[in-house]
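Dear colleague,

Please find below the structure that I am handing over to you. My notes on it follow directly after.

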Amino acid sequence: MQPTDAPATTPEPGHDRFDLSSPGAKNLADLAGVMARLRDPAGGCPWDLEQSFATIAPYTLEEAYEVADAIERGDLVDLQEELGDLLLQVVYHAQMAAEAGAFTLADVVDGITRKMIRRHPHVFGDRKARDAGAVKGMWERIKAEERAEKARAREELASSGAGTADGGAPAPPENSPPAPPRLLASVPRNLPALARASKLQARAAKVGFDWPSLEPVLDKLDEEIGELRSAIASGETAHAAEELGDVLFVLANVARHLGRDGETVLTAANAKFVRRWEGIEDLAAARGLDIPSLDLAALDALWNDVKAIERGGRGG
């Protein structure tokens, strides 16, 4: 059952509010009302009623990727739709949280609005705050205060019995000292691995745990590749997999030291591979060749032809 303090956007009984033929644009309150209706045990959608934070989380990630893809393609029509799909995920999670008595959509909006104001005293504060906003370290101090506030909120939520998004956790023992803050704890675990590696490294770098320049990172890469070769030669696949992970982790560090985002760089490499493979398909079709019947040498020759075409016939 939805708690009594649920958002005022919960619709009254009846279908007229959700008639798509009615005049006027739909708004965020309408969307929240639709979601509340879908999750209503009395006449809601059976599939939506079965969902939880954990089952919806993969869709949330997928929609975020689809937003990024629409931006990458420069397709503003798709971007509008994908942003709507992503917004639905926010509304979905907020509705489930309201049902659990944790927070509401209004709380989410209030929280992010306050955060943006708090993090920009140089824009929204008085003259003194605007001057202070230029002080080095302001951003990190504000975030540290926010992390402390979130820790207090978690304790209050656990004490209230509302639990957590993954089904609830026991409250900490009474009079137990607060756990010391962990430097890397706030880096989301569900980020793509390459992006998370970069964020972990950047967070550690803030306290001085970092290579002073790119050159020793490249030396470390050579070292890790050597260890990977040795592990492969030994035939120990589990060890080889571990060493491969180390190589990828160092590569993320290389990208960071180059001032590049590893995910973006790899996405560009993926796009280049797709473009060149499609070039192989086009060349094969133009030359009357059947790709499945070609050996590696023939495919590699086509690959090199595509590269030469891309580079204006310069080859390479």
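Glu63 is found in helix α3, which spans residues 53–73; helices here are DSSP runs of H or I with at least four residues, numbered from the N terminus. The model is a predicted one, in which local features need pLDDT of at least 70, side-chain atom pairs count only at pLDDT 80 or more, and totals for chains, interfaces and linings use all residues. Residues are numbered from 1 along each chain as its sequence is written, and side-chain values use heavy atoms, with hydrogens and water left out.

Glu63 is buried (under 20% relative accessible area, with exposed meaning over 50% and partly exposed in between; 1.4 Å probe, protein chains only). Leaving aside residues up to four places away in sequence, Glu63 touches Glu82, Asp85, Leu86 and Gln89, where contact means heavy atoms within 4.5 Å.

Helix α9 (residues 193–205) has 13 residues. Among its buried residues are Ala195, Leu200 and Arg203, and the cover over the buried residues of α9 includes α11 (237–257) and α12 (262–286).

Finally, Val108 belongs to helix α5 and is partly exposed, with a relative accessible area of 31%.

Yours sincerely,
A colleague

Key
Helices (H or I, at least four residues) and strands (E, at least two) are DSSP runs, numbered from the N terminus. The expected span of a helix is 1.5 Å times one less than its number of residues. Lys and Arg count as positive and Asp and Glu as negative; His and the chain ends are not counted. A salt bridge is a side-chain nitrogen of Lys or Arg within 4 Å of a carboxyl oxygen of Asp or Glu.
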